[in-house]
Amino acid sequence: MSLGPFFRSPFTDLTGCVINHQQYDKCGELEMDMMDCLEAYGLERGKRKCADLISDFQECVGMKKQLLRFHTMRMERHRQWFKGERSNEEHYAPPPRVDAY
């Protein structure tokens with residue numbers, strides 16, 4: 001995981017804030033907490049002290065657990081359908097009503 005540039009220069013300091021999750025993103029608060037913790041402890045020590053905040057932020061951005069849960073549920077649904085435990089009508093859940101949103 002790279003949190004800082006390999007070579008620091010005034011150019012990297014100016015462009016370091018271009019990519020972040022602060023505006024219009026659900027992970028902005030987690031990113032701010034993670035960066036505050038890393039700023040308090042420093043980069044090397046912060047990787048150990050702030051490991052839980054870093055992992056929470058990475059999960060928020062990457063959604064690995066959420067996608068793994070989705071694929072597991074989908075494969076279980078297909079397994080039940082192939083074994084005959086589900087009929088064709090209930091292979092997938094019914095869609096919501098048109099005006100449900």
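Phe 82 is exposed in this predicted model, because its relative accessible area is 65% (buried means under 20%, exposed over 50% and partly exposed in between, with a 1.4 Å probe and protein chains only). Trp 81 counts as partly exposed, at 30% relative accessibility. One aromatic pair is counted, 1 in total, where rings of Phe, Tyr and Trp (its six-membered ring) pair if their centres lie within 6.5 Å, with planes under 30 degrees apart stacked, over 60 edge-to-face and the rest tilted. The ring centres of Trp 81 and Phe 82 are 5.2 Å apart and the planes stand at 50 degrees, so this pair is tilted.

The model is predicted, and local features need pLDDT of at least 70, side-chain atom pairs count only at pLDDT 80 or more, and totals for chains, interfaces and linings use all residues. Residues are numbered from 1 along each chain as its sequence is written, and side-chain values use heavy atoms, with hydrogens and water left out.

His 78 lies in helix 5 (residues 64–83); helices are DSSP runs of H or I with at least four residues, numbered from the N terminus. His 78 counts as buried at 14% relative accessibility. Not counting residues up to four places away in sequence, His 78 touches His 91 and Tyr 92 (contact means heavy atoms within 4.5 Å).

The largest nonpolar core has 8 residues: Cys 27, Met 34, Cys 37, Leu 38, Cys 50, Ile 54, Phe 57 and Cys 60. Such a core is a set of buried Ala, Val, Leu, Ile, Met, Phe, Trp, Tyr and Cys residues joined through side-chain atoms within 4.5 Å.

Definitions and conventions
Helices (H or I, at least four residues) and strands (E, at least two) are DSSP runs, numbered from the N terminus.
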